[in-house]
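Subject: Handing over the structure

Hi,

Here is the structure for you to open in your viewer. My notes on what turned up follow below it.

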Amino acid sequence: MGMHRMPKKLLRLSACLYVSLGLLPLLPPSIAYCEGVSSTTAEEVDRLLEHIGNGQEITAMAQKLYAMGPQINPFLLEQLNEMDITKYEYSSKVYSTIMTILSSRGYDKDILEILKSKLSDDDPQKRISAAVILAIYYHYSPVRELASIVSGEKKPSYLTEQSMYEWSSRSAEIVSQILEVLRGGPEISKQFVVSTLKECGIDCPECGYEAEKWESFFKTADENGTPYVYYLGSDWFEDRPLSGSEVTGIRGLTPSPDGKKLALCWGSVSEGKFDTDLWILDTTSNKLTKVQIPGSCYRPAWSPRGDLIAFQNITARGFNICTIKDDGSDLSVWTKSFNAFNQSPQWSPDTGKIGFIRHYALPSALEIQVIDLAQNKIIAVAKDNFCESLTSRNHPIWHFSKGSRVYYWDCFGDDKQTEGLYRTTIEASGRSELVLRFELDPTFNSLILSPNEDKLAYTKDECLLGVYDLSSGERREFEVGSMGSYPVWTLDGEDIVYGTSECEIYTFSLETKKITKLAEGGFTREGLNGAGEFIYYTKRNKLTKEWTIWRINLDGTGKTKIFPMKGIESVSVQAVPTLKWAESK
């Protein structure tokens with residue numbers, strides 16, 4: 001139903017917003033899923049799910065299930081097939097965990113077919129349970145239609161992931177449909193509507209099935225003063241109140257490989273609504289293409305060929321990885337976000353693949369995945385091992401290198417002997433090698449390999465720059481001041497460019513240990529052009545609030561203002577997304 005939970009129930013909100021489903025060969029819902037699963041394994045899965053359902057160490061139990069591996073998939077399918085939302089106090093956490101783990105292993109079609117089959121079950125409670133899950137975890141808002149399916153008036157055959165993904169209703173529409181069902185629907189349809197509201201944290205015991213009481217209740221507010229109706233539709237995301245930190249301006253900047261074009265995310269606030277569009281500036285022709293995209297854009301990244309831009313797209317449907325051509329055409333959505341945050345895209349050197357981070361809300365697992373654009377496939381190259389030394393991170397610290405190799409910091413649980421730098425390839429998905437035994441530090445926030453992949457740069461404690469020589473094993477650390485951005489290597493591998501939290505940009509020479517100030521402004525690791533000759537950076541006037549873009553050579557010469565400039569030709573493009581939805585491999 002697109003319903004979203006209240007801030008005081010953040011974990012429930014995550015589950016409400018992000019339970020995603022992908023594509024894999026279909027298994028009949030009637031299959032005896034648990035054949036071949038040992039009784040010991042089945043008992044352990046049942047025990048962990050029961051702990052989750054009773055609210056006992058929910059995240060820890062969910063992570064244990066995730067770590068048990070694919071041997072438990074048949075049992076999880078069977079559990080979903082028998083799901084009853086009234087079984088546990090925290091039933092939503094149980095099926096969120098089940099669906100997330102199955103989705104991470106490519107059982108998306110199976111999940112949807114199981115739920116659709118339950119909508120035709122003779123047991124009314126199973127029909128209600130399936131409809132509630134569909135309403136919440138697919139954000140499917142047509143309450144009236146689902147109520148008709150639950151009551152048997154309609155068949156569920158028309159339900160597809162695409163139809164559910166594309167549907168987006170405002171709160172007023174959903175409330176109108178809820179009240180319509182409560183006023184004239186059969187008892188089972190009313191039960192479905194109220195059950196769904198409860199699963200979203202909207203409970204009014206005294207309202208029963210009386211439409212007038214619910215109508216009055218929807219006009220009341222929670223302890224934060226937010227009307228309950230606000231949490232029902234897509235406007236929870238799109239029209240949420242803004243904080244003072246959300247301002248108009250540049251939210252990300254990256255030059256094309258030849259340095260002639262810039263892709264940037266431009267944020268603006270209009271009537272209390274924050275939006276971020278993708279702007280493409282051609283510095284040679286002075287043409288600015290303003291691409292209006294659904295939702296917001298973050299972390300733009302040019303392909304090595306310079307013809308495509310990948311970015312992180314955030315809408316009411318969640319976080320997705322998208323690409324668009326450099327003229328603002330052919331917007332493609334490559335991931336689904338029913339249950340996951342898909343973020344931080346990085347290109348492979350041949351432009352054929354995009355690496356990204358997938359963060360599952362429950363069991364709070366992080367995976368490094370790669371999209372093969374030509375094959376339209378997604379490959380999970382590194383699963384979460386829940387390294388306790390990196391528990392403070394909200395994303396893996398990784399690098400997509402030459403030859404499509406993936407490097408990342410990791411360890412296995414609390415095993416200190418497994419800490420260090422790991423390497424894997426797409427072909428060796430799931431099999432990693434420990435390249436460098438290294439004591440991990442919770443303050444690590446970067447990992448960048450030199451162009452020749454012979455040295456590793458990292459930062460920690462927000463002020464130390466570390467360099468590790470992979471061939472000699474020599475490790476050096478330098479105090480360089482307050483670092484506000486990830487470091488980036490120059491093409492010769494001799495210098496490192498970085499920005500500070502005080503909005504100053506420096507270069508550091510490994511040979512002379514000399515620190516040289518380049519400019520004052522905001523710099524990200526994407527700001528160095530592909531030829532390694534100059535950098536782009538941004539500045540914001542505190543008085544006028546005006547944003548400007550500048551370019552400067554790495555030797556400190558040639559400082560030039562790039563934007564805004566007189567004579568810029570501005571055109572607007574409305575991007576219409578195509579759902580590519582790469583399949584899990």
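Let me start with Asn376, which lies in the loop between E11 and strand E12 (377-382); helices (H or I, at least four residues) and strands (E, at least two) are DSSP runs, numbered from the N terminus. Asn376 has a positive phi of about 55 degrees although it is not a glycine. At 25% relative accessibility, this Asn376 counts as partly exposed (buried means under 20% relative accessible area, exposed over 50%, and partly exposed in between, with a 1.4 Å probe and protein chains only).

Some ground rules before the rest. This is a predicted model, in which local features need pLDDT of at least 70 and side-chain atom pairs count only at pLDDT 80 or more, while totals for chains, interfaces and linings use all residues. Residues are numbered from 1 along each chain as its sequence is written, and side-chain values use heavy atoms, with hydrogens and water left out.

**Confidence**

The chain averages a pLDDT (the predictor's confidence in each residue, from 0 to 100) of 84, and 89% of the residues score at least 70. Where pLDDT is low, the predicted coordinates should not be read in detail.

**Backbone**

Most residues other than glycine have a negative phi, and most peptide bonds are trans. Ser344 sits in strand E9 (residues 340-347) and is buried, with a relative accessible area of 14%.

There are cis peptide bonds to look at as well. The one from Leu362 to Pro363 has omega near 25 degrees, and Pro363 is in the loop between strand E10 (353-360) and strand E11 (365-372). The bond from Phe563 to Pro564 is cis too, with omega near -5 degrees; Pro564 is in the loop between strand E27 (560-563) and strand E28 (569-574).

**Charges**

How many salt bridges does the structure hold? There are 23, counting a side-chain nitrogen of Lys or Arg within 4 Å of a carboxyl oxygen of Asp or Glu. One of them joins Glu180 to Arg144, with the closest N and O atoms 3.0 Å apart. Glu180 is in helix H10 (residues 171-184) and Arg144 in helix H8 (residues 143-150), so this pair ties together parts that are 36 residues apart in sequence. Glu180 is partly exposed at 39%, and Arg144 is partly exposed at 37%.

Lys517 has a salt bridge with Glu504 (3.4 Å, N to O). With Lys517 in strand E24 (residues 515-520) and Glu504 in strand E23 (residues 504-509), the pair ties together parts that are 13 residues apart in sequence. Lys517 also forms a salt bridge with Glu520, the closest N and O atoms being 2.9 Å apart. Elsewhere, salt bridges link Asp441, Lys460, Arg475 and Glu477 in a network.

**Rings**

The count comes to 16 aromatic pairs; rings of Phe, Tyr and Trp (its six-membered ring) pair if their centres lie within 6.5 Å, and planes under 30 degrees apart count as stacked, over 60 as edge-to-face and the rest as tilted. Trp398 and Phe400 have ring centres 6.3 Å apart and planes at 35 degrees, so the pair is tilted, and both residues are buried. The rings of Trp409 and Tyr458 are edge-to-face, with centres 6.2 Å apart and planes at 85 degrees. Trp409 is in strand E14 (residues 405-412) and Tyr458 in strand E18 (residues 455-460), so the pair ties together parts that are 49 residues apart in sequence. Trp409 is buried at 3%, as is Tyr458 at 0%. Ring pairs link Trp409, Phe438, Tyr458 and Tyr468 into a cluster.

Finally, charges over rings (NZ of Lys or CZ of Arg within 6 Å of the ring centre and within 35 degrees of the ring normal): Lys336 lies over the face of Trp581, at 5.0 Å from the ring centre, and the charged end of Arg551 sits over Phe534, 5.2 Å from the centre of its ring.
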